[in-house]
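Please work through the following exercises with the model at hand. Each task is followed by a solution in steps.

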Amino acid sequence: MSVGGAANFCMSTTLEIRTLFKAQQKKLGLVWITGEQHREKPVHSSQDDSPEISLVGHLNLIFRHRVQIIGKRELEYLDSLKKNTRKDTIAQLFSGYTSVVVIANSLPVPDDLQAAATASATPLLLSDVPSQDIIENLQHYLNSYFAEKITLHGVFMEVMGTGVLITGDSSIGKSELALELITRGHRLIADDATEFSRVAPDTLMGSCPEMLRDFLEVRGLGILNIRAMFGASAIKQHRNMRLIIVLQELGDATRMDRLHGSKQLRKIQDVDIPEVTLPVGPGRNLAVLLEAAVRNHILNTKGYDASQAFIDRQKRRLENARQ
C-alpha cells in the first residue's frame, strides 16, 4: 500500500559476513581468528525461509544456527567429550550449515576448533562480551536486516521523540515544513524515500537509504546537507513510525469533521498507523499544527481523547441544567 505515492517493496536480501562484522564489530568487540579471506560468504539469505532455519544461538548440533555462539559452558561441554566424540562433534559443527562461529568472553580458542574452521573455510570470530549478550544483539540486528522492507515517499522526521511521516502531493510543501521543523529542534531521518521494515508485530521502523542520508531537497534552494548546516543533532538514523501527516490543499479538506478532525488508521504491512490530514492554505502555520498533532497523538496513546472529553463536558452541562 502506498502513502503519498507509490510504495516499493524490496527484493530478497543477502547478508555477507563482512557486513555483519562491520555492523557489530565495535558493539561486540569482534576480531578475526581465522577465515577473514572468506568474509564475502553469505551468512544468510531472505530466500532461505525454511522454518527449520535459525539465525543465531548457542552451540546446537540438532537445531543448527547460521551463527553458532560458543561460550564457557559450550567449551566445557566439548572438553567433557572423549577424543573421537569430540572430533565428530566439531566436524558436525563445521559440516557446512554453519556460516560463522563466534567465541564469547575472549575465551581461549582450542586448536582443534580453529583447525576445523580453517579446513572448512568457516570464519571464526572472537568477541569480548558474554554469549547471551552476543545472541541478543545479533538477534535484533538480523531480525531487522531481514525484515520485509517497503519504501514510502515523503519526509520522515523525529518530532518530540515520535516518528512522523509527512506526505502529500508533489510541491505541496513537505520539504519546507521539514526544514522549519528542523530549525525548531526536531530531527530529520529521511527525505523523499524512507525504508520501513516490520521489526515487531505492531512496529514499523523507518531509516534512510545510505545514498540519501543527511540530505533534504528544498525547491529554490536545491539539495541541503542538514548535518553540515545544523550539526549531527539535527539527524536521526532511524525511528519507529507512530504517525502519518498528510498535507492536503485547503479546498480539498472543507468537509472535515470539525470535532474529531481527520484522524483515521492506515494499514501498512499489517500494522495500523494513525493518520492525520492537515489542510494547507495561506496563513496556516504548519509546523505549529504538526507539533500540536504530535502532542495530541501522544495524549491519545496515554488514553486521553480531547474530543471525547469535550463531548462528556457538554453532556454533564446539559444534565446539570435539567436538574
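A crossing of two helices is left-handed if the near helix is turned anticlockwise from the far one by less than a right angle, and right-handed if clockwise. The model is predicted, so local features need pLDDT of at least 70, side-chain atom pairs count only at pLDDT 80 or more, and totals for chains, interfaces and linings use all residues. Residues are numbered from 1 along each chain as its sequence is written, and side-chain values use heavy atoms, with hydrogens and water left out.

**Exercise 1. Helix packing**

Describe how helix α1 and helix α5 cross.

Step 1. Helices (H or I, at least four residues) and strands (E, at least two) are DSSP runs, numbered from the N terminus. Helix α1 covers residues 17-28 and helix α5 covers residues 131-146.

Step 2. Axes are lines fitted to C-alpha atoms, for helices over the stretch in contact, and angles run from 0 to 180 degrees between N-to-C directions. The two axes come within 11 Å and cross at roughly 140 degrees. This makes α1 oblique to α5, given that angles under 35 degrees count as roughly parallel, over 145 as roughly antiparallel, 65 to 115 as roughly perpendicular and the rest as oblique.

Step 3. The crossing of α1 and α5 is right-handed.

Step 4. Contact means heavy atoms within 4.5 Å. On the α1 side the contacting residues include T19, L20, A23 and Q24; on the α5 side they include D133, I134, N137 and L138.

**Exercise 2. Salt bridges**

Step 1. A salt bridge is a side-chain nitrogen of Lys or Arg within 4 Å of a carboxyl oxygen of Asp or Glu. By this rule the count is ten salt bridges.

Step 2. D112 and R86 form one of them, at 2.6 Å from N to O.

Step 3. Buried means under 20% relative accessible area, exposed over 50% and partly exposed in between (1.4 Å probe, protein chains only). D112 is partly exposed at 32%, whereas R86 is buried at 15%.

Step 4. Further pairs can be treated likewise. E275 and R266 have their closest N and O atoms 2.9 Å apart, and E275 is buried at 2%. D272 and K267 meet at 3.1 Å; D272 is partly exposed at 43%, and K267 is partly exposed at 41%. E16, R18 and E40 are linked in a network of salt bridges.

**Exercise 3. A strand and its neighbours**

Is strand β11 largely enclosed or exposed, and which strands are joined to it by bridges?

Step 1. Seven of the seven residues of β11 (residues 162-168) are buried, so the strand is largely enclosed by the rest of the structure.

Step 2. In a regular strand the side chains alternate between the two faces of the sheet. T162, V164, I166 and G168 point one way from β11, while G163, L165 and T167 point the other way.

Step 3. Two strands pair if DSSP finds at least two bridges between them. Strand β10 (residues 155-159) is antiparallel to β11 and joined to it by five bridges, with M157 partnered by V164. These two strands form a hairpin with two residues between them, and M160 in the turn has a positive phi of about 55 degrees.

Step 4. Strand β17 (residues 238-249) runs parallel to β11, with six bridges between them; G163 has M241 as its bridge partner in β17.
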